[in-house]
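Let's take a walk through a protein model and look at how its chains meet. Keep the picture open while you read.

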Amino acid sequence: MEALNYFALSWLSPELLALTALGTFLGIYVGAIPGLSVTMAVSILISFTFSWDVNNALCLMVGIFMGGVYGGSRTAILLNIPGAPSAIATALDGYPLAKKGLAGEAIGLSTVMSVIGGFVGIIVLALAAPTISEFAITFQPRDYLLLAILGLTLVGSLSSGSLAKGLFAGALGVLVGTVGLDPLTAEERFTFGVIELWDGINVIAAMIGLFGVSEALHQLHHLDKAIIKQKITRIIPPWADIRKYFPLSLQSSFIGVIIGALPGTGGDIAALMAYDQAKRSTKKPDVPFGHGAKEGLIAPEAANNAAVGGAFIPMLTLGIPGDAVTAVFIGALFIHGLNPGPLLLVEQPHMFWFTVGNLTLANIFVLIFGLTGIRIFSKLVECPKGVMIPLIMLLSVVGAYAINNSVIDIWWMLAFGILGYFMRLYNYPVGPVILGVILSKLMDENWRRAILSERGDMGQFFANLFSSPLSCVLFAAIVLALFTQTPLWTKTLKPRLFR
Amino acid sequence: MKKLILSAFAGLALSSMAMADYPNKDIQGIIQWGAGGSTDTVMRSVAPHAEKVLGADIILTNRPGGVGAIATKFVNAKKADGYTLLMGAENPQMYKVLGLADIDYSDMIPINVMARGIPMLVAQNDAPFNTMQEMIDYIKANPGTVKVGSTGQGGLASIVMAMIESEVDLDVTTVPYNGDGPALTALQGGAIDVMPAVLGAAVQHIKAGRMKAITLVDNQQNAVLPEVAPITETLPSLEKYLPYGPFFGVFVKQGTPDDAVAKLTEAFATGAEAEDFKALMETRGYGIMNLSGQPAVDFLDNYRSVSSWLVHDAGFAKHSPEEFNIPRP
Amino acid sequence: MSSQTTRYPGERLFSFLLVVFSIFLLWRAYLISGFSDLSSPGAVPMGASAMMVISACIAFTQTLKQPPVEGGRFFYHCLPMVVGFMMAMVIIYAVLLEQLGFIIASLLFLFITLRTLSQRSALWSLGLAVISLAIIYIIFRLIFQIVLPEGVVPEREILAVVSRLWEDA
């Protein structure tokens, strides 16, 4: 009963209700604009809400978080510029849909699926938070390493043409991710003595370049081509569609919530993993993946919003951030005089249900704001290219600068834009590059940690790998992922098994 | 002396241009670390108090990268007019010996050194030792089996271990992490056994019984964890290095006009005195320092001496502290 | 394995450049820590760059076997004038951004590119440039307090004067 009281706190107070709504609304736009991140917005709010009551500040921040993760899909679908790394997988199939004149439908579907994912995340948080957080912290360096390798097997799914070109792109991404001062030994890697390279190449700068700028440059080929008329009759997806894709969205949401709850991984990896899983498990997509498959849109959108609830699991129960945004939340709670740690729920028992209630409310606002205004957004794609392209370029430059207030990021963004332009031209896939960058640190650091923990003894490493059930499961998943990409499976076994 | 004359000149030149009513526009605060880090949190909670005294906005900007060197160089490339503040942590004091940059805080004017973290050793609950002496004995009896977390060479954990190893030889397996947060998480998951961390980062986990405190790397007990013995009880010869610990401070470029320095010093001293800021520091386990002027310079110099020489003696410094006239502690 | 049967003009050169680039990176990766240790900082960079060298070589040999696209011209199909123009403009823009400051550089960039690409009147292009710049300035500089390069415009002084007028009013 008490739980219900706290849960409904933000629902019943008009002030808190309005702040959550405002936060969600702002979050959608913060998420949609590349270069503005939820982490950034929440930290600005720390100074802004300094003198506020803690509940008010939290409502606004939770709204921004929920809205922001959803908002990244907007620009991914409309402009092929993912608003945040967690929307990269969304662009793979969302943008082709927009090119077919189905932007409205794609946004509608992504909204509904994000909300379903959000709810799954919240339900898991509410029912199983302590169990999952205890499970999440038992991940050893070698398990994170296996997780990163599992993610990298996605290269196969992301390269449509030559596998060699896909592997090249993936390896390039891993290499780009290692640039800078090595976080473990402070050794310089590929820095060429330039101090600005110490912190590495920013993944968002690379993302804006490879996706947004290179696509905009390609669009210049078709300046005179007729504008794609957007069909905006159907925005809310039909009930039959939601029912049909419900199992997929549940599967993706569970991937999202677990990956989100792991302290070393967040929504970006969750979305990519869910995309891969969807591609593997979908027997016969109506449209092939990468060309506007609805399954390819649903999986990452459900997963990245489910990861929000997931990220709160270790934060609320143990005071361990589940991702970068919850790390800022912990700072905010400190400033407001609370002790976010394993004792938070003992000292402030209302905090848990209050946050769950808040997240639920914000998720409902995502549905409301997400389904309104789609018509105007779809019109954006109908804008003449001669107007759109200069504006996309300007936004890319400002967005790249805003990441770290640094001009260097603009240069990297442009370099990747031009590289991406030629890669696309010659059929090198750009998706694996970003995948590599995102997974690089996870793989590099945990590989070395795993080896160092065994004092360089590889025999011991494998002995431990096969004696831990968790590592065995992950290892089996990698073997399976690789096997399902071999011709033996795709050409012979799969058609026979799933006729 | 040369610096003094230079700064006097710069002060004269600038004060002629409406410097009397500093500040007359927004001030930019450059934070060395990213959003959500402890430096970020501390600065964002002290800035609103300072703004009130200054009567101007402080626009806080995160410029992370190069262990803080990018922000430090950025501020030093700006005009010395008091409109660009460096909000940083202890890292620049090691730049010279680690060969990361040729400037440190001795080349800047400290406005306020606000707080200091207290280092300590924590262990996972299943570890077969509870005190410093037991830990030393266990490691000696089982060389190579105890895994100690680290945050990279030159990080706090490596300096604390160097401090201890300057007195006793310990054969441990070092596993590096990307910050003390991830390392403390790994400690709870059993991936490492011991971690040198700051009190503030570990205290909540200790109180909840998720890890145990071995010792405080300080010369006195602390009210937050009164039952934990300071390291000097086991290794009294470490006294010469202490008190030691990572700190947070606000700095301006050398040559900033005196009235601007005075105004800023007043503003941040007021900020560090504010009740809610003090409460925040206490809950995070940091000791309030609120040092400015000469005491701040002395503290910074001591920190630099201790870290530089320990790192040098442990063998991972690129340059000898002697090259920069850093005295031995 | 490859579904692509023909190659575009320049593809062979591009693939060859990638091979050279990969070998350069492998060499740089080797310099980090050599073959010292499996857990050394250079281990993963060397693995990744070795993979790049191998896959780039395979991709390059594939292009050797493929016949060129018929009638393909590099500066028509691969790098038309307009793409080169846009690349040049955006690079110049990035250079001028710090010198001239965000406002002036962006206004020039938007005006020139809008005018060239949309082929509307100068007044129309200028109007659109000013409006979109104003929106971006409000979102980034005023709401999110991201201090964009100021260059020659004394922005903070102007903002201080404006806000003082605001308070007095």
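Start where chain A meets chain C: there you'll find eight residue pairs in polar contact across the interface, counting pairs with both residues at pLDDT 80 or more. That pLDDT cut-off comes in as this is a predicted model.

The size of an interface is often given as the accessible area lost when the parts come together. For chain A and chain C, that buried area is about 5,600 Å², and carbon and sulfur atoms give 82% of it.

To find a salt bridge in the picture, look for E11(C) and K165(A), whose closest N and O atoms are 2.9 Å apart.

Now turn to where chain C meets chain B. Here seven residues of chain C are in contact with eight residues of chain B. The buried area is about 690 Å², with 47% of it from carbon and sulfur atoms. Within chain C, the residues that lose the most area to chain B are Q145(C), V147(C) and R156(C), which together make up 69% of what that side buries. Helix α7 (residues 155–168) of chain C gives the most to this side, with four residues. By class, the side of chain C has two nonpolar, one polar and four charged residues. Even so, the count of salt bridges between chain C and chain B is zero.

Chain C itself is divided into domain 1 (11–77) and domain 2 (80–168). The C-alpha centres of these two domains of chain C lie 38 Å apart.

Last stop: T84(B), in strand β3 (residues 84–89) of chain B. Is T84(B) buried or exposed? T84(B) counts as buried because its relative accessibility is 6%. Among the residues T84(B) touches are Q28(B), I30(B), F74(B) and V252(B).

Conventions: Residues numbered from 1 in each chain as written. Chains lettered and ligands numbered in written order. Predicted model: local features only at pLDDT ≥ 70, side-chain atom pairs only at ≥ 80, totals over all residues. Heavy atoms only, no water. Contact = heavy atoms within 4.5 Å. Buried area = accessible area lost by both parts, 1.4 Å probe. Salt bridge = Lys/Arg side-chain N within 4 Å of Asp/Glu carboxyl O. Helix = DSSP H or I, 4+ residues; strand = E, 2+ residues; numbered from the N terminus. Nonpolar A, V, L, I, M, F, W, Y, C, P; charged D, E, K, R; others polar. Domains from an automatic or database assignment. Buried < 20%, exposed > 50% of the residue type's maximum accessible area, 1.4 Å probe, protein only. Polar contact = N/O pair within 3.5 Å; in protein donor to acceptor, adjacent residues only side chain to side chain. Lists of a residue's contacts leave out its neighbours within four places in sequence.
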